[in-house]
Amino acid sequence: MSLDFEDQIVELENRIEELIKLNAAPDVQFDTEIAELKKKVQQLIKETYGNLSPWQVVHVARHQDRPHFEDYIEGMSSEFIELHGDRCYGDDRAMICGFATIDGQKVMLIGMSKGRTTNEKIANNFGMANPEGYRKALRLMRLAERYNIPIVCLIDTPAAYPGKEAEERGQAEAIARNLTEMASIETPIIVVITGEGGSGGALGIAVGDIVMMLSFAIYSVIPPEGCAAILWRDSEKAPDAAKALKITAKELLELGVIDEIINEPPGGAHRNKETTILAVKEAILRHLKTLEHVGRKKLVNKRFEKFVKLGKFDDRKYSSH
Amino acid sequence: MAWFSKTKQRKSSIDKDELWAVCDSCKAHVYREEWEKNLKVCPKCGYHERITCQQRLQLTIDEGTFEELDSDIEISDPLKFSDAKSSYADKAADTKAKTGLNEAVLTGFGTLNGISVVIAIMDFRFFGGSLGSGTGDKILLASDYALRHKQPYIVFSASGGARMQEGIISLMQMAKTCAGISRLNKAGVPYISVLTNPTFGGVSASYAMVGDINIAEPGALIGFAGRRVIEQTIKQKLPENFQTSEYLLEHGFIDAIVERKKIKSFLHSVLQYSMRK
C-alpha cells in the first residue's frame, strides 16, 4: 500500500531498486546514479514528512506496514510468555498480554494487534477489542501489581468493537471498569500509542503514569470521518475534521495529554521498522528506570493529578490523598 | 461515541395545545395536568419522558436542603473548535442562553429523606448531556466533596457520550471522573449510579457503569455504541428491545429498574445498607 502523497517517493525508490538489480550485472556501473537518487529520495522524504497535514498523518498512522504489536514483542523482548483469557468468557485476540523481558527488565506487556494477513485481521477483529479483551488486560494488570512488575501498554486500535455481542457482554462496563481500576494500580504503567489511538477503545488501557506517542501516531475521541459526517454532514470533510480535532502527537503534547513524542525517522515507521522499535524500547526503559524509585502511594497520587489536570476549569483544589 | 448528534432530535412530546401532552412512545393524549402530576411518565404505557436537572433535583432532594457546588464552572474551549457552520464558543453561548445552564451537569449536596448526600444530575438539553471538560470537572469535584465529607455520591446520567467539540480533552474526562470514583471505592464511600434515557458512549463507558449499585429508569436506552453504528458494522437488524434497561438487566449490567416516582425511596432504602458505622 502506498499513500498518495508518497507517489514521487515510491517512484524514486522503485527506480533505485531497479538500478541496484541492473548493477549486479558485471558490465554495468550505476553506483553514481544510485547514490544520487538515494540522496534525492532522502531529501524528498524529509521534506514531505516534515510538512504532513493532520489528515496525511492519519494515513501514516493507519499504514499497514507500520510495525505491529508482534513486531514490538519480537524487537524489544528477549522473552515473551503469552497469557490468555479473561476467566469469564474467552480470549480476545485483539488484545495480547503476557510477561516480557526487555533488556533484563521484567514487565507485563499488553498491546492491541490489528493483524497483517487477511486471516490474521479476521482473527484479531482488525484490532477492535471486545469486553473480554479489556477484562483480560485488567486481570493481568492486577497480577502485575501483585507481582510488583511494571506494566507496558502499546496501543494501536481503530476503536473498541461496536458489535451486538460486545454490547451484551458490557463493552461500556469493561472500559469503565478499567479506567476506574487503573487509577489505583500500585505499579508503574507506561503507555505508548504506536498507531491509532481510537477513543475509548484506546483509553481502556491508556491510563498511565507516562503516556507517549510515536510522531506519526494519532489519538482521537472520534475518527475524523465520523466527526465530519456528524458535524459537517459530509464525510469528505474528514481532512478538516482531522485538523479541528487536534489528534497529532505535537498537538497532544501541547495540550498536555501526552508526556513525550518518540520520533520516527523521516519516512515514518513503515519505512524504518527496526529504528522505530528501538526508539520505543529506549523510551520505555528510560521511564521505567525513573518510575522504579517512586513510592507506590505517590505514584498513584501523581497519576490522579496527571489526569485531573486535563481540561481543569481553574485552580480549585481537590483533596490530597 | 458522540452518537447523540447522529439521531434526529425527538420532537417534544408536549403538544402545542397547552391542555394536552402527547406520549412520544404510544402517542396517547394525556391531560397536561395529569402528565405533570405523573412526573412526565405516560400513565398509559409507562414511557418515561426526559426531565430537566431541576425537575430531577426536586424529585430527589428534600425541599430547601440543596446547596449547589461549582455553579460558576462553564464551557472552556480547549481546541478553539469550529465546524462548517459555527464555532463551538458561539454554540455554547446559545445553549447557555436557551437552557440557563452553564454546563451539562448540576452538582451539589443536600438531604434525601434526611440522609446527607452529594448529587450530580446531567441534563440532556445541554449539548446532549455530552461530557465536556466542565462536565468532567464538576463531576470530579462533587465526588471529591463526597470523599471529604464521607457522604454517599449519587449520579444521574443522561448523555449521548463524549463532546466532540472538545476532542481528546473530552475523552480524558472519562479517565478523570473514574479516578474520582476509584478514590470513593477505596475510602468505602457509597456511589450509586442512576442511568436515565439515554446514557451512551463516553459516559456509559466511564462513571455511569461503575456504580456500587447501578439502577435505571424503565425503557431507558443505555449502551456503548449507537444502534446505527452497530447495525452498519454487523450488517444485521438488532432486536427491538436492544440496549434498553430491561435488556441490560437481563444481561447483568443493572441491579434494578426503578420507576421514576419510586427512585427516591429506593435510594433511601439502599443507602441504609451502605452507611455502616
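Colleague: Among contacts in chain A between residues at least 6 apart in sequence, what percentage join residues at least 24 apart?
Modeller: This is a predicted model, where local features need pLDDT of at least 70, side-chain atom pairs count only at pLDDT 80 or more, and totals for chains, interfaces and linings use all residues. Residues are numbered from 1 along each chain as its sequence is written, while chains are lettered from A and ligands numbered from 1 in the order in which they are written. Two residues are in contact if their C-beta atoms, placed from the backbone, lie within 7 Å. For chain A, the share joining residues at least 24 apart is 70%.

Colleague: Which helix gives the largest share of the side of chain A that touches chain B?
Modeller: Helices here are DSSP runs (H or I, at least four residues; strands are E, at least two), numbered from the N terminus. In chain A, 48 residues are in contact with 56 residues of chain B. The largest share of that side of chain A is eight residues, and they come from α8(A).

Colleague: At roughly what angle do the axes of α8(A) and α5 of chain B cross?
Modeller: Axes are lines fitted to C-alpha atoms, for helices over the stretch in contact, with angles from 0 to 180 degrees between N-to-C directions. The two axes, with α5 covering residues 167-187 of chain B, come within 7 Å. They cross at roughly 65°.

Colleague: Which residues of α8(A) make the contact with α5(B)?
Modeller: On the α5(B) side are Met174(B), Ala175(B), Cys178(B), Ile181(B) and Ser182(B). Facing them from α8(A) are Ala176(A), Leu179(A) and Thr180(A).
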